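Thanks, everyone. I have one structure to go through today, so let me put it on the screen.

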Amino acid sequence: KQMGSYTPRQIKSLRRLPIFPTIDGRMVSLDGEKVFLPPDHTPPPAPGQGTLHKADPSLRALLLKLDVARLKADVLVLEVLLPRYEERSPKEQVEILRWIRTNWKRARKDAEETSPEQASALEEALTTRLLVRGDDVRLHPAPDLYRPRERVVVECLGDLAISPDIVRTYT
C-alpha cells in the first residue's frame, strides 16, 4: 500500500502491532515504550530507556509515516543515556561520559536547533546530574568536583576537596 494512503485509524492500528524489529532483536509495537529510528552517529553501547529500530531502508519510510522520530544526539543524552544513569555499572558510566564528551558539539547543536528550552535542558542536565565519580567513590555533579593537585584547592580545602576518581574509575 502507498505510504500516503493510510488512514489515521490504520496508522493507529499499525502502531499497536508488535511487528517492528529492534537492534537488540526484539519485535515491539510503537506504543508503550520510547522508540526511535537509529541515529546517524554511533551511540555508546550502554542500554537506555529508548528502543532503536533496525535501519532497514524498507522500513524507514513506514516508521517515519508512523511518527517514529530519528534519535538526535541531544535526545539520546536526555532520554536514553541519563535516565537511570546511577544504576549503570561504572564501566558503562565512563562509556557514556566519553560519548557525551566526543559528541558534545553535535548534541548542543541539535538541542539549539530544536529550541532554546531544549538547549537549556541539555546544559542543566549535564551540570546538575550526578554523573562524575569522585575520589570518595560517590557520583557528583561535574561542577562540584575539583581538579586534583590544584595548588589553591589543596591549600584551602586539603582532604575536604573531592576530585574525580582518576585512579579507580577514569584510567
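This is a predicted model: local features need pLDDT of at least 70, side-chain atom pairs count only at pLDDT 80 or more; totals for chains, interfaces and linings use all residues.

Which residues of α4 are buried? They are Gln93, Val94, Ile96, Trp99, Ile100, Asn103, Ala107, Asp110 and Ala111.

Now the shape of that helix. α4 takes in residues 90–114, and its end C-alpha atoms are only 31 Å apart, whereas a straight helix of 25 residues would span 36 Å at 1.5 Å a residue. Where does α4 bend? At Asn103, by about 70°. Asn103 is also one of the buried residues of α4.

Next, the packing of α3 on α4. As a reminder, the angle between the axes and the distance between the axes describe two packed helices. Here the angle is about 120°, and the axes of α3 and α4 are 6 Å apart. Because of that angle, α3 counts as oblique to α4; the roughly perpendicular class runs from 65 to 115 degrees.

Who meets whom? On the α3 side there are Ala73, Asp74, Leu76, Val77 and Leu81; on the α4 side, Ile96, Trp99, Ile100, Arg106, Ala107, Asp110, Ala111 and Thr114. Sorted by class, this contact of α3 with α4 has nine nonpolar residues, one polar and three charged. Ile96, Trp99, Ile100, Ala107, Asp110 and Ala111 are among the buried residues of α4.

Two backbone details come next. Most residues other than glycine have a negative phi. Arg84 is not a glycine, yet its phi is positive, about 60°. Arg84 sits in the loop between α3 and α4, and it is partly exposed, with a relative accessible area of 48%. Asp67 also has a positive phi, near 65°. Asp67 belongs to the loop between α2 (57–65) and β5 (69–70). Is Asp67 buried or exposed? Exposed, at a relative accessible area of 64%.

Last, the whole chain. The protein has six helices and seven strands. Starting at the N terminus, the order of elements is α-β-β-β-β-α-β-α-α-α-β-β-α. Of the 171 residues in the protein, 38% are buried. Among contacts with a separation of 6 or more, 56% involve residues 24 or more positions apart.

That is what I have; questions are welcome.

Conventions: Residues are numbered from 1 along each chain as its sequence is written. Side-chain values use heavy atoms; hydrogens and water are left out. Helices (H or I, at least four residues) and strands (E, at least two) are DSSP runs, numbered from the N terminus. The expected span of a helix is 1.5 Å times one less than its number of residues. The bend at a residue is the angle between axes fitted to the seven residues ending there and the seven starting there. Buried means under 20% relative accessible area, exposed over 50%, partly exposed in between (1.4 Å probe, protein chains only). Axes are lines fitted to C-alpha atoms, for helices over the stretch in contact, and angles run from 0 to 180 degrees between N-to-C directions. Angles under 35 degrees count as roughly parallel, over 145 as roughly antiparallel, 65 to 115 as roughly perpendicular and the rest as oblique. Contact means heavy atoms within 4.5 Å. Ala, Val, Leu, Ile, Met, Phe, Trp, Tyr, Cys and Pro count as nonpolar, Asp, Glu, Lys and Arg as charged, and the others, Gly among them, as polar.
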